[in-house]
Amino acid sequence: MSASPSADAARAAEILAQLSAPPRLATFAELVRRGKEGATLAELAYALDVPVQQAGEACARLTGAGLATGTGNGVYRADLDAVRQAVHAVDRMQPVTPLLAEYPNLRGFFAHGRLTALPPTMSDRYQQIGELFARFLALDGLYNEDEINRRLSAVTDDVAGVRRMLVETGWLERDRAGTTYGPARPLPQAIS
């Protein structure tokens, strides 16, 4: 059983907060670099050119956050699983994630809930991604270009390209002036 979305978000925020401090990030990176062998506080202090006390404080914080493990013999190791879980929690919170579950063949065009590339224009996936974005926008009337751009910017940096793709695939219609947009056809029922 997984934690609630708010608990997942809080855990991800804690991990990011721990890694946002340069000394802890440097310590974590060194532990990752050393892999399963790990490192003692003295080895970390030497590698990072910091006092042993500073390396110890960083390891204590990382261990407390579940980002590192320490053994009785003083060897610390990075726990990458904690970072992976935080990344997955952040991914699950992205607004397009529920729709991507219904379009598994489009997942390769997204990273961490954001569009990274559009499929080739003549492919079936180009049509499918148009449908996915039409469902994401869920337009119920006419909207100005700024509103369409704002909504699309939640999941893509290429707002103009996605907006153009929606028009080309027949999901979005714009007025002659090119300033107002609305749905061009009814949305399909949710995929089950």
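Start with D49, which is exposed at a relative accessible area of 71%. Keep in mind as you click that this is a predicted model. D49 sits in the loop between helix 3 (41-48) and helix 4 (52-64). Its phi is near 55°, positive even though D49 is not a glycine.

Now jump to A138, in the loop between helix 7 and strand 6. Here too there's a positive phi in a non-glycine residue, about 45°. A138 counts as partly exposed, with 42% relative accessibility.

## Stop two: helix 8

Next, select N144 and D146. At the start of helix 8, a side-chain oxygen of N144 comes to within 3.1 Å of the backbone nitrogen of D146.

Which residues of helix 8 are buried? Colour I148, N149 and L152: those are the ones. Look down the axis of helix 8 and you'll see its buried residues fall within an arc of 100°, so they line one face of the helix. Show the surroundings as well: these buried residues pack against helix 7 (124-137), strand 6 (143-144), helix 9, strand 7 (172-174) and strand 8 (180-183).

## Stop three: helix 8 meets helix 9

Finally, show helix 8 (145-152) together with helix 9 (159-168); their axes come within 10 Å and cross at roughly 110°. That makes the two helices roughly perpendicular. Put on the side chains: E145, I148, N149 and L152 from helix 8 meet V159, V162, R163 and L166 from helix 9. By class, that contact has 5 nonpolar, 1 polar and 2 charged residues.

Methods: Residues numbered from 1 in each chain as written. Predicted model: local features only at pLDDT ≥ 70, side-chain atom pairs only at ≥ 80, totals over all residues. Heavy atoms only, no water. Axes fitted to C-alpha atoms, helices over the stretch in contact; angles between N-to-C directions. Helix = DSSP H or I, 4+ residues; strand = E, 2+ residues; numbered from the N terminus. Parallel < 35°, antiparallel > 145°, perpendicular 65-115°, else oblique. Contact = heavy atoms within 4.5 Å. Nonpolar A, V, L, I, M, F, W, Y, C, P; charged D, E, K, R; others polar. Buried < 20%, exposed > 50% of the residue type's maximum accessible area, 1.4 Å probe, protein only. Arc of directions from axis to C-beta. Polar contact = N/O pair within 3.5 Å; in protein donor to acceptor, adjacent residues only side chain to side chain.
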